Amino acid sequence: RYKVQGTNFDGSPYGGEATITLTSATTCEIVWTTGVTSSNGICMRNDNSFAAGYAMGDKIGLVIYKLMSDGSLNGLWTIAGQEGNGTEVLIPLQ
């Protein structure tokens, strides 16, 4: 489980939680809950890169994270058909 700290395309902040469940040595499922919004996705790790594709309602998105030495994930995300990106950091919960 991770604490979510992010910014939307307009720079406004959001927060919540994410749960990552391993499905193999390199793949996983991810669920984000931010406010009243929940989205599900698939994810994959390659060395210190971590990517996830997700569905949020009828929209498809992509987030690319860099695995940091403290176990957090520092990323950028976007939604298909929209210009720009948001930011997101996942911080491991103890």
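**Strand β7 and its surroundings**

Trainee: Which residue in β7 is the bridge partner of Ile 64?

Mentor: Leu 76 is the bridge partner of Ile 64. Strands here are DSSP runs of E with at least two residues, and helices are runs of H or I with at least four, numbered from the N terminus. Two strands pair if DSSP finds at least two bridges between them.

Trainee: What kind of model is this?

Mentor: This is a predicted model, in which local features need pLDDT of at least 70 and side-chain atom pairs count only at pLDDT 80 or more, while totals for chains, interfaces and linings use all residues. Residues are numbered from 1 along each chain as its sequence is written, and side-chain values use heavy atoms, with hydrogens and water left out.

Trainee: Back to β7. How many bridges join β6 to β7?

Mentor: Seven, and the two strands run antiparallel. β6 covers residues 59-67. The two form a hairpin with five residues between them, and Gly 71 in that turn has a positive phi of about 90°.

Trainee: And how many bridges join β7 to β8?

Mentor: Five, again antiparallel, with β8 at residues 86-92. In that pairing, Asn 74 stands opposite Val 89. This hairpin has six residues between the strands, and Gly 81 in the turn has a positive phi of about 85°.

Trainee: Which residues of β7 are on the covered face?

Mentor: Leu 73, Gly 75, Trp 77 and Ile 79. The uncovered face has Asn 74, Leu 76 and Thr 78. In a regular strand the side chains alternate between the two faces of the sheet.

Trainee: Is Trp 77 buried or exposed?

Mentor: Trp 77 counts as buried, at 10% relative accessibility. The cut-offs are under 20% relative accessible area for buried, over 50% for exposed and partly exposed in between, with a 1.4 Å probe and protein chains only.

Trainee: How many aromatic pairs does the structure hold?

Mentor: Four. Rings of Phe, Tyr and Trp (its six-membered ring) pair if their centres lie within 6.5 Å; planes under 30 degrees apart are stacked, over 60 edge-to-face, the rest tilted. In one of the pairs, the rings of Phe 9 and Trp 77 have centres 4.9 Å apart and planes at 40°, so the pair is tilted. Phe 9 is in the loop between β1 and β2 and Trp 77 in β7, so this pair ties together parts 68 residues apart in sequence. Phe 9 is partly exposed, with a relative accessible area of 28%.

Trainee: Why is the pair of Tyr 14 and Trp 77 called edge-to-face?

Mentor: Because the planes are at 75°, with the ring centres 6.3 Å apart. Tyr 14 lies in β2, 63 residues from Trp 77. Ring pairs link Phe 9, Tyr 14 and Trp 77 into a cluster.

Trainee: New topic. Which residues touch the most other members of the largest nonpolar core?

Mentor: Trp 32, Tyr 65 and Leu 90, out of 17 residues. A nonpolar core is a set of buried Ala, Val, Leu, Ile, Met, Phe, Trp, Tyr and Cys residues joined through side-chain atoms within 4.5 Å. The elements giving two or more residues to this core include β6 and β7.

Trainee: Where does Ser 72 lie?

Mentor: In the loop between β6 and β7. Ser 72 is buried, with a relative accessible area of 8%. The residues that Ser 72 touches (heavy atoms within 4.5 Å) include Leu 90 and Pro 92.

How values were computed
Lists of a residue's contacts leave out its neighbours within four places in sequence.
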